[in-house]
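Please have the sequence and the 3D view ready as you read.

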Amino acid sequence: MRKKFITIFGALTLLTVLTGQTFAAEITVRGRLQKTVEAGGWVIVADNQKYLLLNAQRYENERWFTATSEVEAVGETKTDVVTIYMEGTPFEARTLRPLAENGSAAIQSDSRTLTKVLVTGDSIIQAQPDTAVLTISVVTQARAALDAQQQNANKSDAVVRALKAAVGTGAEIKTSVYSLQPQRVYKENQPPTIVGYEARNSVTITLADLTKVGAVIDAASQAGANDVAGIAFTLRKDRPARDQALAEATREAVSKAQVIAGALGGRVVRIIEVQEEGFERPRPIYADQIQTMRAGVGAPTPIEVGTLDITSRVQLIAEVEVSAR
């Protein structure tokens, strides 16, 4: 008795494992429509094999959808679906068409055809910069190279200390350019003459607090800096903005496909392919170059940040079901 119980239990376990594994593959079924008592209401009888249409209601309004009509269906079997009477293999049709007498797809004025449309979606969103990059320089001139270099070193040291105090923690300050060059005078038919030397020490400041940009420029000016090579506002943390631009571009592409389908008197059946065609990183905003910096104390330097443009493009291929004309 125990052995018989184990055998039955093993058989049930094996049946459970086998029925739990479902494999879906697209197949083409040609056969005759037939009414059934199943909830789906219709089966396709093909070579003594029955396929229960799980989505028959999608096609019931077609004129050719009647009992004994010869049809061709493309879709997938659903072996994990259990019906009341298990009359036929559960089958979900992606396309269902009537067949002519010779077995080929019939072309009728009321039949539906599938076509593909290729559309693109574009989006441009605006985002606030989160990082400012400034290049501030100390430029000194003297007749002797050593004098120009020493004067520059003293002023640059004062400027760096003032910058560190102005930006606080979390900012990055580093030397980006240093040069010591002779100043020459050119006269006709004479070799150039060195009349002095110019020393330049440029410091690049990267900070996240954009409200401090004007104060940083003022502090550097008061400490001895006399040239701003450039101010750029960028977006370092651009992932949320990129995702938003991509989502909007995708929605626009889908909307275009739906408009085309509607103009053809049909509808979008499915999206076949979606591809991100391009994403353009936000270009930095460059403020007007400040060549001469103020030496005295006055009103704070006003800095307007502005916004950055972030663009995205999506290409989409949609399958559209339309009426044959």
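How many bridges join β7 to strand β10, and in which sense do the two run? Seven bridges join them, and the two strands run antiparallel.

## About the model

The structure is a predicted model, in which local features need pLDDT of at least 70 and side-chain atom pairs count only at pLDDT 80 or more, while totals for chains, interfaces and linings use all residues. Residues are numbered from 1 along each chain as its sequence is written, and side-chain values use heavy atoms, with hydrogens and water left out.

Strand β7 covers residues 131–142, where a strand is a DSSP run (E, at least two residues) numbered from the N terminus. Two strands pair if DSSP finds at least two bridges between them. On strand β10, which spans residues 227–234, residue T234 is the bridge partner of T131.

Strand β7 also pairs with strand β9 (residues 193–207), in the antiparallel sense and over eleven bridges. In β9, E198 is the bridge partner of Q141. Strand β7 is mostly covered, since ten of its twelve residues are buried, a word that here stands for under 20% relative accessible area, with exposed meaning over 50% and partly exposed in between (1.4 Å probe, protein chains only).

## A network of salt bridges

Side chains of opposite charge can pair when their charged atoms come close. A salt bridge is counted when a side-chain nitrogen of Lys or Arg lies within 4 Å of a carboxyl oxygen of Asp or Glu, and a search of the whole structure finds 13 of them. One of these joins the side chains of R94 and E26, at 3.1 Å from N to O. Because R94 lies in strand β5 (residues 89–98) and E26 in strand β1 (residues 26–35), this pair ties together parts that are 68 residues apart in sequence.

R94, which is partly exposed at 23% relative accessibility, also meets the side chain of E319 in a salt bridge of 3.4 Å, N to O. E319 belongs to strand β13 (residues 308–323) and R94 to strand β5, so the pair links parts that are 225 residues apart in sequence. E319 itself is buried, with a relative accessible area of 7%.

The side chain of E319 forms a salt bridge with R270 as well, at 3.1 Å from N to O. R270 lies in strand β11 (residues 267–280) and E319 in strand β13, so this pair ties together parts that are 49 residues apart in sequence. R270 counts as partly exposed, at 37% relative accessibility. Through shared partners, salt bridges join E26, R94, R270 and E319 into one network.

Technical notes. Helices (H or I, at least four residues) and strands (E, at least two) are DSSP runs, numbered from the N terminus.
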